[in-house]
Amino acid sequence: MSISATYEGVTRRRVARAELTKFRSLRSSWVTLGLALLFLIGFGVIAAAQARTGNDAPGAEGATGYSMALFGVTFALIALGVLGVLTSSAEYTTGMIRSTLAAVPRRLPVLWAKAATYGVIAFVVGAVGALVAFLATSAILSGTSSAVSLSDAGVVRGLLGAGVYLGLAGVIGVALGVLLRSTAGGISALVGTFLLVPGLMALLPDSWSDAVTPYLPSNAGASLYALTQGDGALSAGAGLLVLLGWTALALVGAAYRLKRSDA
Amino acid sequence: MIEARELTKAYGQKIAVDGLTFTVRPGAVTGFLGPNGAGKSTTMRMIVGLDRPTSGTVTVNGRRYADHPAPLREIGALLEAKAVHPGRTAYDHLMVLAHTHGISRHRVEEVIGQTGLDQVAHKRAGAFSLGMGQRLGIAAALLGDPATVMLDEPVNGLDPDGVLWIRNLLTKLAAEGRTVFLSSHLMSEMALVAEHLIVVGRGRVLADTTVRDLVREAGGDAVLVSTADPVRLRSLLAGPGVEITGRPGSEQLTVTGRTPREIGFTAAEHGIPIFELTRHEVSLEEAFMNLTHDAVEYAGRAA
């Protein structure tokens, strides 16, 4: 038996390192990150290629090169959000949570570490993917009327905004997994929030819908990377605040469940 | 040292653990024995903070488990064979746990060697047999080199090789001076390794005793005598601290407080023929059954 000389204790940093190792050591993490990149870059390239050959991509009418480049954000959001859900829901479905919480019985550091490590990963993948998609798209479109360049006003901020949106969506996924403790439940809640609820807004009276819609996570997120704000949409700064609010709300719910319920 | 005081856990109407008070003393193997559904696993989960007690407290080395700065160094627990993500290798699983405490890679390799996982350390845990999964759970429990090791039904479902391996490991851990707290529903298994016993049924402590006392209380030192003259032998053997029972008309007596040797001499001195003189061996299993009989019946009806 070797008892090491230093007294080893749980610290935030160490829990974050453990969470990073958890993430790294699963094949599904890499596959899903790859898919997110593929969606982000692939859809941008396809949209641009379609525009180049004169067949406008669906919904690409009047689209600038910038919005074509970010055509894949919603698809990447699903991949990164689902991976976020899995990162935490799989702890429960596999029983790993018992090992995790026996090592970190204060519990909340696990949630913060998961949210932080995965949030950074999803942000980096999102921002890099958006940048690559933009560069590829602008290469394809160079010389056409839709040509854009990195030096255009707001482009760099917008690409970073897309990364932030995807990163926060990943954090919301992590929180939903801890809150619902089920992969199916977490994914349904995620897809419902980001894809279905915006469509349901049409059922509300116009005045209500106009008041509520900009504040939905998906619309707040879209205003984060929009180059020009549409009518009634939030500014990028307001969108960021609203999205941060949603993320905080999901995290508070997850923290409450994690702390209060038996594992 | 584990101390439970009035520890209670209720799931809605069902009371799984009902006011348990016990102490697991350091440096010994303590068995936690009871029929399935007696509340053993729930109690162990409360010890490491996975379940929150409805009332009462339980401390590990004087503090709540969660209040220790390095919990894995206080107590190592094997609760379920599969508290592991099946997609992760055994090595990575242990590294994840080690990272939370800043435990070195060297220590991870050490417990892998100790539990005989070298060959499969880089295979995904999902492909492990039950026995290998159990070894991985034990490697995780030993990771922090804790003074107390707690194992929930460690031999359940293992093949004879696996059972033997666990038995040897427990003996070795105890020999190293560790506190071992071990649950089982099998008395025979417990008798091989435990000195101290906490017997539970229906969520209550039925006995907090040693293996030897449990047997004695169940009538383990009784002697059966068959004789041609039970009435006369009975009066000859009577004395303080001696208890003799027998049915009228039967040639058989059950004597406690006299050894077979004493009974034999007394009978010979007085020329009383004896046909049988047997020490009545109460098996541990029987003693356990007597204790938990009611608890099991109740559980059967409730289920």
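1. Helices (H or I, at least four residues) and strands (E, at least two) are here DSSP runs, numbered from the N terminus. By that assignment, residues 156-180 of chain A are 100% helix and 0% strand, with end C-alpha atoms 36 Å apart.

2. The model is predicted: local features need pLDDT of at least 70, side-chain atom pairs count only at pLDDT 80 or more, and totals for chains, interfaces and linings use all residues. Residues are numbered from 1 along each chain as its sequence is written, while chains are lettered from A and ligands numbered from 1 in the order in which they are written.

3. An unreviewed UniProt entry lists "transmembrane region" for chain A at residues 30-49, 69-90, 111-136, 156-180, 187-204 and 233-256; positions follow the numbering used here, feature names are shortened, and annotations may be inferred rather than shown by experiment. Residues 30-49 of chain A are 100% helix and 0% strand, and their end C-alpha atoms are 28 Å apart.

4. Within chain A, the axes of helix H7 (residues 155-180) and helix H10 (residues 217-225) come within 6 Å and cross at roughly 155°. Axes are lines fitted to C-alpha atoms, for helices over the stretch in contact, and angles run from 0 to 180 degrees between N-to-C directions. H7(A) is therefore roughly antiparallel to H10(A) (angles over 145 degrees count as such).

5. Between the chains, 32 residues of chain A are in contact with 38 residues of chain B; contact requires C-beta atoms, placed from the backbone, to lie within 7 Å. The side of chain A that touches chain B divides into 15 nonpolar, nine polar and eight charged residues. Here Ala, Val, Leu, Ile, Met, Phe, Trp, Tyr, Cys and Pro count as nonpolar, Asp, Glu, Lys and Arg as charged, and the others, Gly among them, as polar.

6. Helix H1 (residues 12-24) of chain A and helix H3 (residues 90-101) of chain B have axes that come within 6 Å and cross at roughly 165°. Contact residues include A:Arg14 and A:Lys22 of H1(A), and B:Asp92 and B:His101 of H3(B).

7. Chain B holds an open sheet of six strands in the order E5-E6-E7-E3-E8-E9, with mixed pairing; two strands pair if DSSP finds at least two bridges between them. Strand E5 (75-78) and strand E9 (204-210) of chain B each have a single partner strand, so one side of each is left without a neighbour in the sheet. Six bridges join strand E8 (residues 196-201) of chain B to E9(B), and the two run antiparallel.

Definitions and conventions
Two residues are in contact if their C-beta atoms, placed from the backbone, lie within 7 Å. Angles under 35 degrees count as roughly parallel, over 145 as roughly antiparallel, 65 to 115 as roughly perpendicular and the rest as oblique.
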